[in-house]
Amino acid sequence: MTKFSVLTIVTGLVLVGCNPVKTTDNNEKDIHEVSDSTSTLSEFSSVITPGSEQNVDGPPHYEVKNKGELSIQDAKNAYEMCARALTDYYKAVWNGTNIELNAFMNNENLVHYTQKKIQSQFDLYFTIKLADDLVQSVGIATRDVDWEVEYTNNEDGGFLYLHLPAEINYNQGSFGEATEFLVRNENDQLVIVDWYTGGKDTYDFMVRGENETIDNPTIWNNSQWVKEINSNQLNFSGSTR
């Protein structure tokens, strides 16, 4: 398992929130129209509450609910995985802590991109932040904005789309930004197959482009696209140093 670290200072934690859940097929059906998923939504909402925290020791593992398939029933585990990944990411960027990217993703192109993204952002923020202005916690969802998850069924086994509005809390203040994830089932484990934070002037906004539509779970297998993104990363890195 690959560990990526820019500087070791402190360790990370994860928070959870709650939200609208949808399932999508060719007819764009809402989850409330599917009887076998409605009861899952009730159970799901009772377990996850805004602002609660989990401490997870060691590399996390996120299994699918039913072996051999992915469904809206995997929304809870997918949410917890993405929330943990976000928390570890922001602490790696601001605090210099370890992040085990292979605990969340298998695609080496996405891992490589994310490693360079973290290093670039750490280098940038290290020069402007106060020495003790570290990330203390990352909250998902607020009173005004909930997180969202949708399931799309296709011939490749389907995927989950998650939209997580995060609040990043420091010793001295906080800020918020939203991130989109695509999650699939690979060998009965949930994995992130795309990850995009598209707020204005964010790293992804500058390197991947603004207003990207995040709906292609195989995008990081497109060698020509990946080559262009790698080139953009090199140009962006050179322009910020």
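Which side chain meets that of Asp88 in a salt bridge? In this predicted model, for which local features need pLDDT of at least 70, side-chain atom pairs count only at pLDDT 80 or more, while totals for chains, interfaces and linings use all residues. Residues are numbered from 1 along each chain as its sequence is written, and side-chain values use heavy atoms, with hydrogens and water left out. The partner of Asp88 is Arg84, at 2.9 Å from N to O; a salt bridge is defined as a side-chain nitrogen of Lys or Arg within 4 Å of a carboxyl oxygen of Asp or Glu.

The protein chain contains five helices and eight strands, taken as DSSP runs numbered from the N terminus (helices, H or I, at least four residues; strands, E, at least two). Along the sequence these elements follow the pattern β-β-α-β-α-α-β-β-β-β-β-α-α. Of the 241 residues, 47% count as buried, where buried means under 20% relative accessible area, exposed over 50% and partly exposed in between (1.4 Å probe, protein chains only).

Strands E6 (residues 159–170) and E7 (residues 173–186) pair in the antiparallel sense over eleven bridges; pairing requires that DSSP find at least two bridges between two strands. The two strands form a hairpin with two residues between them, and Glu167 stands opposite Gly176 in E7. Strand E7 also pairs with E8 (residues 189–196), again in the antiparallel sense, over seven bridges. Here Leu182 stands opposite Asp194 in E8. The E7–E8 hairpin likewise has two residues between its strands, and Asn187 in the turn has a positive phi of about 55°.

The salt-bridge count comes to four. Asp88 and Arg84 both lie in helix H2 (residues 75–95), four residues apart, about one turn of the helix. Asp88 counts as buried because its relative accessibility is 7%, and Arg84 counts as buried at 9%.

A further salt bridge joins Lys117 and Asp204, whose closest N and O atoms are 3.0 Å apart. Lys117 lies in helix H3 (residues 108–126) and Asp204 in helix H4 (residues 203–207), so this pair ties together parts that are 87 residues apart in sequence. Both Lys117 and Asp204 are buried.

Asp194, described above in strand E8, meets the side chain of Arg208 in a salt bridge of 2.8 Å, N to O. This pair links distant parts of the chain, with Arg208 in the loop between H4 and helix H5 (223–239) and Asp194 in E8, 14 residues apart. Arg208 and Asp194 are buried.
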